[in-house]
Amino acid sequence: MPKKEKTSAAKNLSRVVGDAYMDLHARAADGAFVVWIAINVPAELFHGFNNVVYGVPESHAALNAAKGAGVIQCEKAERLGYSTDLCSYARIDIGSVYDGGKDSPTFGLPAPDLLVSNTNNCSLLVKWFDVHHRNMKVPHFIVDVPFCYQPQQEKDQQYIVRQFQDLIRTIESLSGQKFDYEKACDALNHTNEGIRHWKRFLEFAGHRPSGITAFDSFVQMAPFLVARGTPQFADHYKLLAEETACRVNQGIFPVPDERYRLFWDNIAPWHQLRDMSGRLAALGANIVGATYTSCIGTVEGSFDLFAYDGGDVLEYCARTQNCYMCPHGMKLRGASMQGVVKKLGIDGVVFASNRSCKPYSITQMDQQRRMAEDFRIPCVMIDVDHADARKYSKESTFTRLEALLEQIEARRAA
Amino acid sequence: MTEIEQQLRQLKKDGRKVLGCFPLYPPLELFYAMDITPVVLWGLRGAVRNTDESDRHLQPYACAITRHLTEFILSGHSRFFDGLFMYNACDTLRNLPEIIDAGLSERNLSLPLVNVHIPMTLPVHTDASGYFQNEIRQLIADLERLFNVQFSRDQFVHAVETVRHLRNLIRTAEKRVTEGRLSFLAFSENLHKCGFLPLEDQVRTLEELLEDMPDKGEPGASDGSCPGVILSGILPPPASVITYIEAAGLRVKGNDIASLGRSYASMPETRADPGAYFLDFYYQHFPCPTLLYTGDRRVTSLIDLVERTRAAGVIFVGEKYCEYEYFEFPLLSEKMREKGIKTLEIEIAAEDDEQTSAHDARIAAFAELLKNPG
Ligand code: SF4
Ligand code: SF4
């Protein structure tokens, strides 16, 4: 089979991610103030400082998993006594840090001066960062984001704003640098611009056949984690959206004979991206979208873009803190999922039950029932750990996925 | 009918307004003061036949506490409650209200929910006292509306003082355990029973327990022959495991258990303002992995407990799938080792029944190690 030509966006992605990690290491070596952050701490704030850089342990863990180093790193943590029931991102990160970044595709992350965790996606992340805090003797700042069952309340937004102000003050006092609001504002504008293009890119899932697969979008998330707030971020997503538009116009589709349009609920199965997308494509199935990628740039309860309107940076950042799937409740999740399933003409939903991520998975049984019974969408539950390949069975997964496709066929025939 | 069911039945028969509280540390004094009877829904393993109902809603990798709690409410016991209370204790629990609501609505049932958000920020970084006090004010307003009751400062002070008296009685009972005059099993079973009684009956139960055991008396066994251990975890281990620990000649000298010691250790100063009182209550709370801001005090408080009680070992009772606890075990074990304290880690899962004997051999070996440390 001839090797698939890499798209310009794919090539640029490698460049953006590679540059971001190289820049992080180089600036840290030159004395920049290094912050390790939870995935959804607004990175734009760090651009308000002259010389503050950030690393994201979750994203580093995902990269390890995607590059085949997930299990090796997990095992290192397990040898230190960390239970196999702990989130695999945490095990990868703890294993990697303990071993000085060995086996990591990016040689780990530079040592931090400050850890910033939050209770947003999960409060377990605070426990994970506490492990580093105690071992490395580095200060740990906790951003507390109240979980919401209804759209975020004003009192909670203001509570988060105050914490961001405290975070800025903490960095100022630890790093000796002054925060420049205008710079943070510029960074947020770059992010906003990038997210607008990201949303355009995701829209191509609505095309028949779909212009994208969720697997493409999983891979293309990387700049969100390493390059937010930069012009490169905005440029990358512009390129991605424009190239995808071009390909759709030229009739180039990832699954040209698409017969089943599926939707994915949970974190990406980083160790299975290539295999799973290939096998599904061979069955005429395409996972065209995912909750994981759709929630970026939104607020809880809808996958529509929630754009930055030039107002207060901290207020905007605080308002979007509940947008990810884990920091809001089942009803809000259901609302956004139903909307997108309808909009994209989804035939079936794949609920990926993920032992490592209980916050993402805990409500899935009710979500699945609701989708199947109230909205008459065929659904399946598969077991897949997002980063620990040992907790995944290819055969049983595909038996279930094939059963889902049969169910869709049966419904069509009826 | 289980004992818990009988107790709940009695509460309803007595016309009480019963509030089912999700673990771990609800603001109990406030509920008592407002003439509401709170019951904390943990330790329900013996009160459910299986987890069939909960298994329809929860993934099998939810912890046993959550599965049993869900099963209990969905299997016909919701009728004993007038409402549910929760706060942001953990990632699993924060999703539970909607899961339980989904289960109840399938049966055309519902239970009102009241909740508060306990700030998890570090006080050294963020002053969340205003936010928290507003949460408590809102909680009071919700309770007044839902239960048709009125908050009174006098009643609050009275409730605080009664709870303080109760916690002192519990500490006295705990002392009897360390002296070998009360088994840890009897101690923890009595406290569990108290959890489903009105406040005044809890006091009476504890007073009666202590009456049978005057202050001065013969200790059951000398310290030399019974090495002391600390139990640490979310719940005490099942009765069969406690029995085995005690039969192996180990004496429970103290506990760092969420449903026991971590709950009754904290006694903030009496205040008439519930916002100020609970601010102290949560911020000065005995460290628990779920109270994220207590992280820095966790190791020292456990070491302090071990040193104060002169325990020779710590048994970590892991609640399967409770990652909060499991993140800390490696560091805690290491720190104990550095101090020459032996540790044993056992794991209790939802599937384990009360009669589990899987840990017997390890406990016996651990007891031997403590008795013959050389
Ligand atoms: S448990 Fe889930 S939300 Fe938390 S760090 Fe792990 S993957 Fe992320
Ligand atoms: S045992 Fe742990 S996971 Fe379970 S309810 Fe308690 S804190 Fe949450």
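Seven salt bridges link chain A and chain B, a salt bridge being a side-chain nitrogen of Lys or Arg within 4 Å of a carboxyl oxygen of Asp or Glu. One of them pairs the side chains of R369(A) and E106(B), at 3.4 Å from N to O. The model is a predicted one, so local features need pLDDT of at least 70 and side-chain atom pairs pLDDT 80 or more, while totals for chains, interfaces and linings use all residues. Residues are numbered from 1 along each chain as its sequence is written, chains are lettered from A in the order in which they are written, and side-chain values use heavy atoms, with hydrogens and water left out.

Now for the whole interface. Here 58 residues of chain A are in contact (heavy atoms within 4.5 Å) with 48 residues of chain B. About 4600 Å² is buried between the two chains, 54% of it on carbon and sulfur atoms; buried area is the accessible area (1.4 Å probe) lost on putting two parts together, summed over both.

On chain A, the elements that give two or more residues to the side touching chain B include helix 4 (88-98), helix 5 (124-137) and strand 4 (140-143). Helices (H or I, at least four residues) and strands (E, at least two) are DSSP runs, numbered from the N terminus. Helix 5 of chain A gives the most, with nine residues.

Over on chain B, helix 7 (residues 153-179) has 27 residues and should span 39 Å at 1.5 Å a residue, which agrees with its end C-alpha atoms being 39 Å apart. The expected span is 1.5 Å times one less than the number of residues. Just after this helix, G180(B) takes a positive phi of about 85 degrees.
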